[in-house]
Amino acid sequence: MRLPKHVMYSGRMINSLADDAADVSSRTGLNVSELVPAQESMLPGIGGVLTNRAGDFDLEGRDAWIFISIKNRGFNRPYIDRFIDLCDGFGLNGHVCPVDDPYRYNSMAEFKSDDLPEAEAAKIERLSTDITRMVQKAINGKRTERVDIVKWRDIEENTPKTYREELSAAFHGRTRIRDILYDHISSVKQLDSERCFERYAEFFLCEVPVLIHAYYSNGPTMDIYPGPQPKFFWQIEMGLFEQELPKLTALTKAGRSMLYLDTHDRSGGGKK
């Protein structure tokens, strides 16, 4: 099931939309902006930009995923309804996962603490429950059997620990991975100490291995999100960290490359 070829976007345009300040090429020489093929999405009801490292924009055989950041207001009932319509219309198996647990690390960084306050833990749990309830209502309302809800903790438990261990070792070993994460985090968060940076970095050390395993452990996938894919993921997929992350890199080569759909509103009125 191939999409028609319409307006083509350069990888540079896609990545610059994420955050120019996060460009790590000046420090690492690992600029992927010219390497990732991209294409305007012509999917009915859910436009945006598709990216895939191999230029594979074929939907056939892919499972569709939405990983809902619990603090991103772009995920609402109409968004989920369009996702369900997409899965039903194209015969895709769809999965919706509220990303809740990794936000514990962001909260600890914001509170400058190695322990999560009970009130904040309860808030994260409440946000996740509210999102799950909203998605379930959408599934029931559409009477679809194509889409289900998956818990982050279940995906994390099924992800081999070796992937997080590998990424953590590269980070704490002060390889270029640490510099790249620092550049990315400091572009969106105010860092007043090394410990503050490390607390925020735990979010990525938790999330990245789980997402990559979900992308590649059960056949071809498409990830849908209202915003660009961080460069760090593309750099792993392009094999640029094969020396530091041989297992994660090998995982991305195991089958068809992940298809990413950025649905971010570029008219100026959307939210990241």
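**What covers the buried residues of helix 7?**

What covers the buried residues of helix 7? The cover includes helix 8, helix 9, helix 10 (231-237) and helix 11 (246-252).

**The model and the chain**

This is a predicted model, in which local features need pLDDT of at least 70 and side-chain atom pairs count only at pLDDT 80 or more, while totals for chains, interfaces and linings use all residues. Residues are numbered from 1 along each chain as its sequence is written, and side-chain values use heavy atoms, with hydrogens and water left out.

The chain holds 11 helices and eight strands; helices (H or I, at least four residues) and strands (E, at least two) are DSSP runs, numbered from the N terminus. Of its 272 residues, 51% are buried. Here buried means under 20% relative accessible area, exposed means over 50%, and partly exposed lies in between (1.4 Å probe, protein chains only). The accessible surface comes to about 12700 Å², and carbon and sulfur atoms account for 48% of that surface; the areas come from the Shrake-Rupley method with a 1.4 Å probe, and for residues only the protein chains shown count as cover. Among contacts (heavy atoms within 4.5 Å) between residues at least 6 apart in sequence, 76% join residues at least 24 apart.

**Helix 7 and its neighbour**

Helix 7 (residues 161-172) has 12 residues and reaches 16 Å from its first C-alpha to its last, close to the 16 Å expected at 1.5 Å a residue. The expected span is 1.5 Å times one less than the number of residues. Its buried residues are Tyr163, Glu166, Leu167, Ser168, Ala170 and Phe171. After helix 7 comes Arg174, with a positive phi near 55°.

The axes of helix 7 and helix 8 come within 6 Å and cross at roughly 85°. Axes are lines fitted to C-alpha atoms, for helices over the stretch in contact, and angles run from 0 to 180 degrees between N-to-C directions. The two helices are therefore roughly perpendicular; angles under 35 degrees count as roughly parallel, over 145 as roughly antiparallel, 65 to 115 as roughly perpendicular and the rest as oblique. Leu167, Ala170, Phe171 and His172 of helix 7 make the contact with Ile177, Arg178 and Leu181 of helix 8.

**Helix 8 against helix 9**

Helix 8 (residues 176-188) also packs with helix 9 (residues 194-216), at an angle of about 100° and with axes 10 Å apart. This pair, too, is therefore roughly perpendicular. From helix 8, Arg178, Leu181, Tyr182, His184 and Ile185 meet residues of helix 9, among them Phe197, Tyr200 and Phe204. The contact divides into eight nonpolar, one polar and three charged residues. Ala, Val, Leu, Ile, Met, Phe, Trp, Tyr, Cys and Pro count as nonpolar, Asp, Glu, Lys and Arg as charged, and the others, Gly among them, as polar.

Tyr182 of helix 8 is partly exposed, because its relative accessibility is 33%.

Over in helix 3, the buried residues are Tyr79, Ile80, Asp81, Phe83, Ile84, Leu86 and Cys87. Their cover includes strand 4 (63-69), strand 5 (93-99), helix 5 (118-142), strand 6 (147-149) and strand 7 (221-225).

Two loop residues are worth a look. Lys112, in the loop between helix 4 (103-110) and helix 5, has a positive phi near 55°. Arg143, in the loop between helix 5 and strand 6, has a positive phi near 50°. Arg143 counts as exposed because its relative accessibility is 77%.
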